[in-house]
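Here is a short tour to read with the model open beside you. It goes strand by strand, then to a pocket and a few single residues.

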Amino acid sequence: MKFSDLPALGVSFVTHVLILAILFLIKLTVDDHNVQLDLETSFEDYERQQEEITRELELDTTVAETFNTQPGGVVTGEIGASTAPVVTQTKVEQAETLEEPTIEVSLSEVTLPSDDILGKDFGESEVTGEVGAAVDGYGAAMSRITQELIRLMRKEKLLCVWLFDESGSMKDDQKEIAENFEKVYQELGLITKKDEQLKKKLKDEPILSVIRSFGKARNELTKAPTSNYDEIVSSIGKIPVDQTGEENMLGAISATVEDYIGLARRQDRRLVLIIVSDESGDDGDAEGPLETTVAKLKQARVPCYFMGRESMFGYKIARMIWDDPETNIRYWRPVRRGPETPAVECLQWDGLHERWDNQNAGFGPYGQVRLARETGGIFFILPNEEETLAGPAEITRRKYAFLDMKEYLPNLDSYREYVEDRDRHNFRKILHDVIQRLNPDNDRDLSIREDWYPLELGEFMRVGQQEMNKAAKAMGLTETALKMLDNIRPLRDTEPSERWRANYDLAYAQLKTFRIRLFQFMLAMDDHAANDPKPVKEKTNRWDINRNTKMFVPDEDQYKRLASAFKLKMTREEYLAEIEATQKEATLLLRDVGMKHPGTPWAVRAQQEISRGFGMHFVESFWDPRRKPADQLPNL
């Protein structure tokens, strides 16, 4: 069947392509009144101090014979730290959005101070927490926690509550922690015997421990606070797997303080929380609960330590691999792990749909890191080589260089303070508006199908028509966003934050890239509908869009339809030259991100865009009828 022989529905496909071609080649004019950007604020500008960086802790599973003690956060640095006081939270953000255009269509090595300097005893006064201690594993993290507990024990006895999340992905982690508990208790026993100061202060058990777990609800694994090593290790092994998939982390922390602060005070002990989780929690960055929890912990003098994973770069979701034991079919299951900032600062859209990548940010999730910093604890960044992480490029298996990242520290102020600061800067405000308007969570039309197109042509045409409509709208929104970013380009060099400059550079280069890919998508759709290719593989029952480095080149017939409809005066060769120039421009912009921000997640993301290519082509695929819907899959 030839495309020219198809009914009106088929002709509509051509119309879409032709309209998109004009949008692609001719800059879309957007009236000024289509951009609603009202700024009403009287706050003064300020620059946050970026004085310190993270420290990497090496793995050591042997029992220490000597100890150096130091308060959390004093030596190894604060990522995005601020001494701003906690304020009552109110909703201040009323995000402006772009007006929809009318489209008529149917890490390097760093020399650190020596251990004797780092191990200096700074006393027992309150400190600001440390938020970026990179460790090679639980052994190194627990060794450092031992030093923290000893530092606190110099002044008072402790009641230490260990909070484990109940996700299935944490079972191996829990086993490793249980194996390392012996090291902690041996070291605590050793230091108690040798430290005369502790001997005088502590008349009975210097530290009692509680093992708790949380998911949607909470579970108590130890019958009562105990110093019995065997009971503690046994309790860790009894942590259940919560099948609901919900992780109410802030609720668990808040409830733990309420449940144990009274007992701790009656026994003249200081309450300490250690949270172990590979997710940021379903309530982990909620504005009101987070600040309420921060205030409660500070009032009760409860330091909060985290053993967690890196956040996803500018994104809230990581995807874990889960293989169905019944069918051996592989799925990508979403878990919350980010972002590293109070609000997203990167595009949540990849040019067709929501992001599917798993790229680490170099920092922990905002809510957890803020809790650690504000309460005098530490956020331990555990290794990111996780075999169950999925994605086109998987998670980056490199450590971002400390010095490279020093100028890109995330703002860890309260959400309200963060929004006030962001919206005082017109440059940041408009970039945020672009990100919000191009967020598939806010507009489902920005979720264009990439997989599982029907094999039969009639059904393909029906589904394809819907996706063509979305692509046309997305093209218009992309053009509008680029115009807005062009308007604030003069502000780019005066922006004081290197992080926000990087956010702008990457977003602009990506939107140039997405514009090409959308046009390629339209050409591929038109070609497939016109030629109705037949599958070659026996099991093929679906078509997928494949992204690659080979650009789709319209043949003579397709270009004739395009030129005839819009009376294009350029030849096909001139048209192809124009396409090539546009591709080179986008590539240069992406490479420029890497040159301006080397050794950072922005550079890695830009290189990923180059590696994925600009081309779009349909390929054969097999959709297994045994695949289960998402609501029938386990939560990780």
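## Strand β6 and its partners

Strand β6 runs parallel to strand β7 (residues 304-308), and four bridges join the two. Across this pairing, Leu-273 stands opposite Cys-304 in β7. Strand β3 (residues 157-165) also runs parallel to β6, this time with eight bridges, and here Phe-164 stands opposite Val-276 of β6. Strands, as used here, are DSSP runs of E with at least two residues, helices are runs of H or I with at least four, and both are numbered from the N terminus. Two strands count as paired if DSSP finds at least two bridges between them.

This is a predicted model, in which local features need pLDDT of at least 70 and side-chain atom pairs count only at pLDDT 80 or more, while totals for chains, interfaces and linings use all residues. Residues are numbered from 1 along each chain as its sequence is written, and side-chain values use heavy atoms, with hydrogens and water left out.

## Why β6 is enclosed

Why is β6 described as largely enclosed by the rest of the structure? Eight of its eight residues are buried, so the strand is largely enclosed. Buried means under 20% relative accessible area, exposed means over 50%, and partly exposed lies in between (1.4 Å probe, protein chains only).

Both faces of the strand are covered. Arg-269, Leu-271, Leu-273 and Ile-275 are buried on one side, and Arg-270, Val-272, Ile-274 and Val-276 are buried on the other.

## The sheet with β13

Next comes an open sheet of three strands, in the order β11-β12-β13 and with antiparallel pairing. Its edge strands are β11 (453-454) and β13 (615-621), each of which pairs on one side only. Strand β12 (residues 542-548) meets β13 in the antiparallel sense over seven bridges. Two of the bridge partners can be picked out on screen: Asp-544 with Val-619 in β13, and Trp-543 with Glu-620 in β13. Although β13 is an edge strand, five of its seven residues are buried, so it is largely enclosed by the rest of the structure.

Is His-617 buried or exposed? It counts as buried, at 19% relative accessibility. Its side chain makes a polar contact of 3.3 Å with that of Asn-548. A polar contact is a pair of N or O atoms within 3.5 Å; within protein, one must be able to donate a hydrogen and the other to accept it, and residues adjacent in sequence count only if both atoms are side-chain atoms. Leaving aside residues up to four places away in sequence, His-617 touches Asp-544, Ile-545, Asn-546, Asn-548, Lys-550, Met-551 and Phe-552, where contact means heavy atoms within 4.5 Å.

Among the 26 residues that line it, Trp-332, Trp-356, Asp-451, Trp-452 and Arg-627 are the closest to its centre. A pocket is found on a 1 Å grid over the protein atoms alone: it is an open set of points, where a 1.4 Å probe fits, with protein on both sides within 12 Å along at least five of seven lines, and lining residues have an atom within 4 Å of a point.

By type, the lining divides into 11 nonpolar, three polar and 12 charged residues. Here Ala, Val, Leu, Ile, Met, Phe, Trp, Tyr, Cys and Pro count as nonpolar, Asp, Glu, Lys and Arg as charged, and the others, Gly among them, as polar.

## Single residues worth a look

Arg-151 sits in helix α3 (residues 138-153) and is buried, with a relative accessible area of 3%. Its side chain makes a polar contact with the side chain of Glu-148 at 3.1 Å.

Some loops have backbone details to check. Asp-268, in the loop between α7 (249-266) and β6 (269-276), has a positive phi near 55° without being a glycine, and is exposed at 58%. Asn-328, in the loop between β8 (317-323) and β9, has a positive phi of about 65° although it is not a glycine, and counts as exposed at 66% relative accessibility. Finally, the peptide bond from Gly-338 to Pro-339 is cis, with omega near 5°, and Pro-339 lies in the loop between β9 and α9 (366-375).
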